[in-house]
Amino acid sequence: MGKYFGTDGFRGEANVNLTVEHAFKVGRFLGWYFGKDHKAQIVIGKDTRRSSYMFEYSLVAGLTASGADVFLLHVTTTPSVSYVVRTENFDCGIMISASHNPFYDNGIKIINGNGQKMEASVEAQIEAYIDGEIPELPLAKRENIGRTVDFSAGRNRYIGYLISIPTRAFKNVRVGLDCANGSASAIAKSVFDALGAKTYVIHNEPDGTNINTNCGSTHIEELKKFVKEKQLDVGFAYDGDADRCIAVDDQGNEVNGDLIMYVCGKYMKEQGQLNNNTVVTTVMSNLGLYKALEREGIAYEQTAVGDKYVCENMMTNGHSIGGEQSGHIIFSKHATTGDGILTSLKLMEVIIEKKVPLSTLTREVKIYPQVLKNVRVHDKKEARENPKVKEAIGKAEAALGGDGRILVRESGTEPLIRVMVEAPTDQICEEYVQQIVDIMEAEHLVLD
């Protein structure tokens, strides 16, 4: 974790702790860094936030001032930028988005030439340049100044790629889509329509300030109600930049990333497509997922929280599916990052091929109750390594045994310790979470 860049780029409130000056300097550095021995070519996409246009223009100014040519995808999804970068041989890509955050936040996600999150070493150099620790970079002159190119054709190629992936048409399947008034508004419906689905869409009228507002994958209750009212077969909700997908089954029940990984992972094993017989998860996946995978004879690996770490594990080991409970799902045969629309297409494939509703496919997984409490502390490391806290965690783990688990970890972006317990009942979860919090308070680790 750097000073500005976290696990998902440089994020903050627009014009507060993420400014046009920051964006300009990011552009200046990237244009210079990739243009040392050739004319750098960099592609940019953005979501529907009002500030995305402001940051786009600032990035373009910095990039072209350093001599790079900039190709604009306009409003599009994060995975589409990843796809275009790796298939069109761009030096890197930039996505302007704060994902599921409120409209007043924004972010700068940098994607390397392989379509993955940019290496931390490059992000560290950008931070050093922003803070004036690197000498001022040369400006391009005369014919070396960069140009800006409309590249909406790249987004259209990505749409065509998505349409080519399913092996069966979606004819007569009633599908609901919640586009979160974000990036998916420009893409998702056209993909499902082209595949023959009867598509019903909500929250696909972005106005710059309504992205993620009471809609999308973080407010799934809207889609649950919509699916039941319209008697749809299935629903899919995306977040602001459409790299997440949470589903709703035919009964109106939420199907989160853990359940999606189970359904797709089991199907891929049946089809001989589950590389290494392994699903990659983060440490936050539910104990119920692990027990279900074990029952099916499927192995799993755990990474730190963040689809960046899931992707690194998958690419290093050749695994074919991995993701997060929040709906970041990666299918390595098709993409190098989480892709919400792709995830919904892969889930549709299972539903159609198995000829059973999604509610039946997920019934085999018993999700354990989970309680998570964020504790604001003076010092994260001190709180995490406190002997009495560690002793309390050990006692809780021993008491829970195989019927639960406890996870105590540091937040990557805030002065918080996250205490999470999974157990057979909510009451047991609450009891063990409170035990840990009480010890932290008694040890004077907690901020008032």
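Two strands are taken to pair if DSSP finds at least two bridges between them, and the elements themselves are DSSP runs numbered from the N terminus, helices being H or I of at least four residues and strands E of at least two. The model is predicted, so that local features need pLDDT of at least 70 and side-chain atom pairs count only at pLDDT 80 or more, whereas totals for chains, interfaces and linings use all residues. Residues are numbered from 1 along each chain as its sequence is written, and side-chain values use heavy atoms, with hydrogens and water left out.

Strand β11 (residues 245–248) is covered on both faces, with C245 and A247 on one side and I246 and V248 on the other all buried (under 20% relative accessible area, 1.4 Å probe, protein chains only). Strand β10 (residues 234–238) pairs with β11 in the antiparallel sense over four bridges, and V248 of β11 is the bridge partner of G235. Six residues lie between the strands of this hairpin, where A242 adopts a positive phi near 60 degrees. Strand β12 (residues 254–255) also pairs with β11 in the antiparallel sense, over two bridges, and V255 of β12 stands opposite A247. In the hairpin of β11 and β12, with five residues between the strands, a positive phi near 85 degrees is found at G252.

Helix α14 (residues 387–400) packs against helix α15 (residues 426–442) at an angle of about 165 degrees, with the axes 9 Å apart, the axes being lines fitted to C-alpha atoms over the stretch in contact and angles running from 0 to 180 degrees between N-to-C directions. The two helices are therefore roughly antiparallel (angles over 145 degrees).

Notes. Buried means under 20% relative accessible area, exposed over 50%, partly exposed in between (1.4 Å probe, protein chains only). Angles under 35 degrees count as roughly parallel, over 145 as roughly antiparallel, 65 to 115 as roughly perpendicular and the rest as oblique.
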